[in-house]
Amino acid sequence: MAILSTPRSQVDLVGKGRPLREHLFRIALLSSLAIALIFLALLLAYTLTEGWPRLDSRLWENFPSVRRPETAGVLSGITGTLWIIGLTALMALPTGVLAAIYLEEYADNTRWYNRLIELNIANLAAVPSIVYGILGLGIIARWLDFGFTVMTGAVTISLLVLPIVIISAREAIRAVPPSIREGSLALGATQWQTIYRQVLPASIPGIATGSILALSRAIGEAAPFLMLGAATLVRFNPDGIWSSFTVLPLQIYNLISQSREEFHILAAAAIVVLLAILLLMNSLAIWLRNRYQKRW
């Protein structure tokens, strides 16, 4: 009755105004995206142009040097970064996926401890990385007596990315249609067989994407390693999990803080190498996602 009593002119204005507002909102969103992409492209172009003179084999074959920046490299930082990321993936990804399976498939949300776990995971995902560095320094390095080693850095970064892995894995598992579970259970499969053979393969694209995004955040972290006392000038590669180490973000931070222009060029080249490693990781995630999306 309220619609019938509304004047026709007002109805026409409402009908015409809604598409206009949606159109303006869409223009605003596209403009924001374009501005962000333009600034990102300018930043990448500047970094590539600045570091182009040092993008040669000396960069990834030589160790850092404070006396000869024209021939110095970042080999120890690349090796340390690969050690940290590899161990982080081994520790954080299986733990995060298994925790997501429990919380999504087995946990009873009416239990207070399950709700407490979910609340803590959501809160830990927003904690600044420097706090994890303090945690790693006080508990892992000193109380557990791991020292300032590769294992200490990997455990600290694993704790940093673990909430992100759990949240992304839960979203991927939740996105699997319930009909897949119901059909598997109706055919006589157990709950674990349903999860292992049906749910997990169908959720691998989302899990892989979230995991690579989490590792992408870890590969660029410098604050936790500053708290852990990782050295910035290391002229050797780690030879095990109990060895000293450095990572590319720390080396870049150290190079930029130098006064000579040659060090700034070397830092820009090291940034390009770090971005190349990051792009390789994201390419792997895209390949895994596309492969399993075709299958499912």
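Reply: Buried means under 20% relative accessible area, exposed over 50%, and partly exposed in between, computed with a 1.4 Å probe on protein chains only. A salt bridge is a side-chain nitrogen of Lys or Arg within 4 Å of a carboxyl oxygen of Asp or Glu. This is a predicted model, in which local features need pLDDT of at least 70 and side-chain atom pairs count only at pLDDT 80 or more, while totals for chains, interfaces and linings use all residues. Residues are numbered from 1 along each chain as its sequence is written, and side-chain values use heavy atoms, with hydrogens and water left out.

By the salt-bridge rule, the count is eight. One of them joins Glu105 to Arg181, with the closest N and O atoms 2.9 Å apart. This pair links distant parts of the chain, since Glu105 lies in helix α4 (residues 75-106) and Arg181 in helix α8 (residues 178-186), 76 residues apart. Helices here are DSSP runs of H or I with at least four residues, numbered from the N terminus. Glu105 is buried, because its relative accessible area is 17%. Arg181 also counts as buried, at 17% relative accessibility.

Asp56 forms a salt bridge with Arg58, and their closest N and O atoms are 2.8 Å apart. Arg58 is partly exposed, because its relative accessible area is 30%.

In the pair of Arg260 and Glu262, the closest N and O atoms are 3.8 Å apart. Arg260 is partly exposed at 36%, and Glu262 counts as partly exposed at 35%.

Finally, a network of salt bridges links Glu104, Glu118, Arg170, Glu171 and Arg174.

Terms used:
Helix = DSSP H or I, 4+ residues; strand = E, 2+ residues; numbered from the N terminus.
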